Each structure stands twice: as structure tokens, then as C-alpha cells.
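I opened a new page for this protein chain.

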Amino acid sequence: MTTITTRCPHCKSLNRMPSDRINDEASCGSCKDKLFDGMPIEGTEDNFSTLLKSDKPVVVDFWAPWCNPCVGFAPVFADVSQERDGQIRCVKIDTEAQQALAAQYRIRSIPTIMVFKEGKMVDMLNGAMPKSHFDQWLNEALTK
């Protein structure tokens, strides 16, 4: 049985779970809050391929902590993640900490937003934008 490790979006503790349970309701072993509850999930080399196997579309924000547009876009991404809880799964990948993933997906500018369905990228956006524009782009991307 393969497992992934994911960080709780609430208490930040690491949790290991079976890969085949990625679509189940999982709770944090420490704080007991839901691991996948509309809050963006931290993407890593260890868990990203499993997260892409979600039965929901996966929206990924490639960002870096030193990037002002990325930091400014983070609340927009978090709001959309919570508003669309149950419809999509949102993942944030720190390109500084996860350089191999950034290279694998050829990230050249940040923030870069990608939408995946059934493990395949269906759309991509470069740059931060206001929430209304992001919502509009996301609606179009999710129909592809």
C-alpha cells in the first residue's frame, strides 16, 4: 500500500494517508479537522501525483514567498478554494521548496495557475488577477 504525506491546512502537522483514499473524507491526526475542507493543500513532490488523481478538478497555484504578486493573490486563491469546496481541490506549490515540481511543469513565471482534470492539464494562467477575473477564467477552464 502506498501512502502520501500531506500537511494539515489548520494546524500544519504532517499526516500520512493511503493513496487510494485521496477522495475520502480524511481528518488530521493531531487537531481532528478535515484535511480536505476547502482550504488549499500544500503540494509536494511526495503528494502531488496522488492529489492529481482526485475525482474533482485540481487547481494548482505555483508561487514563491518572495513574490509580491503571489502573496497578493493568495487571499483570492484561498477565497475561491473555500467558495468552491466540494467542486474543486486547490493546491499551492511553493516553487522555492519544490524546485523539481516547478521544473517538471516548466514554471517560468509566478504565479502560474494550472487546472487539471483526471490528471491532465486543461488550462493555464500566468499572473495574478482580481477575484472576479479569476472566477471568470476558472469557470471557463472548468468547462474544458
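**Entry 1: the sheet.** I traced an open sheet of 5 strands in the order β3-β5-β4-β6-β7, and its pairing is mixed. Its edge strands are β3 (41-42) and β7, each of which pairs on one side only. I took strands (E, at least two residues) and helices (H or I, at least four) as DSSP runs, numbered from the N terminus. I took two strands as paired if DSSP finds at least two bridges between them.

**Entry 2: ground rules.** This is a predicted model, so I noted that local features need pLDDT of at least 70 and side-chain atom pairs count only at pLDDT 80 or more, while totals for chains, interfaces and linings use all residues. Residues are numbered from 1 along each chain as its sequence is written, and side-chain values use heavy atoms, with hydrogens and water left out.

**Entry 3: strand β4.** I looked up β4, residues 58-63. How many of its residues are buried? I found 6 of the 6 buried, so β4 is largely enclosed by the rest of the structure. Buried means under 20% relative accessible area, exposed means over 50%, and partly exposed lies in between (1.4 Å probe, protein chains only). V58, V60 and F62 point one way from β4. V59, D61 and W63 point the other way.

Next I checked the neighbours of β4. It runs parallel to β5 (residues 89-94), and 6 bridges join the two. It pairs with β6 in the antiparallel sense over 5 bridges. I then followed V59 to both sides. Its bridge partner in β5 is C90, and its bridge partner in β6 is V115.

Entry 4: I moved on to β6, residues 112-117. Here 5 of the 6 residues are buried, so β6 too is largely enclosed by the rest of the structure. It pairs with β7 (residues 120-126) in the antiparallel sense over 6 bridges. V115 stands opposite D123 in β7. K117 has K120 as its bridge partner in β7.

What sits between the two strands of this hairpin? I counted 2 residues there, and E118 takes a positive phi near 50°. E118 is not a glycine. It is exposed, with a relative accessible area of 77%.

**Entry 5: the loop between α3 and β6.** I found two backbone features here. The peptide bond from I110 to P111 is cis, with omega near -5°. P111 belongs to the loop between α3 and β6. R106 sits in that loop as well. It has a positive phi of about 55° although it is not a glycine. Is R106 buried or exposed? At 64% relative accessibility, it counts as exposed.

**Entry 6: T95.** I located T95 in the loop between β5 and α3 (99-104). It is buried, with a relative accessible area of 10%. Which residues does it touch, leaving aside neighbours within four places in sequence? I listed F62, W63, A64, A102, I107 and I110. Contact means heavy atoms within 4.5 Å.

**Entry 7: P75.** I found P75 in helix α2, residues 68-83. It is partly exposed, with a relative accessible area of 47%. I also compared its place with that of H10, 65 residues apart along the chain.

**Entry 8: the whole chain.** I counted 4 helices and 7 strands. From the N terminus on, I read them as β-β-β-α-β-α-β-α-β-β-α. The C-alpha trace spans about 35 × 30 × 25 Å along its principal axes.

I checked the radius of gyration, taken over C-alpha atoms. The globule rule is 2.2 Å times the number of residues to the power 0.38. With 144 residues, a compact globule would come out near 15 Å, and the chain has 14 Å, which agrees. Buried residues make up 47% of the 144. Among contacts between residues at least 6 apart in sequence, 61% join residues at least 24 apart.

The chain exposes about 7,600 Å² (Shrake-Rupley method, 1.4 Å probe). Carbon and sulfur atoms supply 48% of that area.
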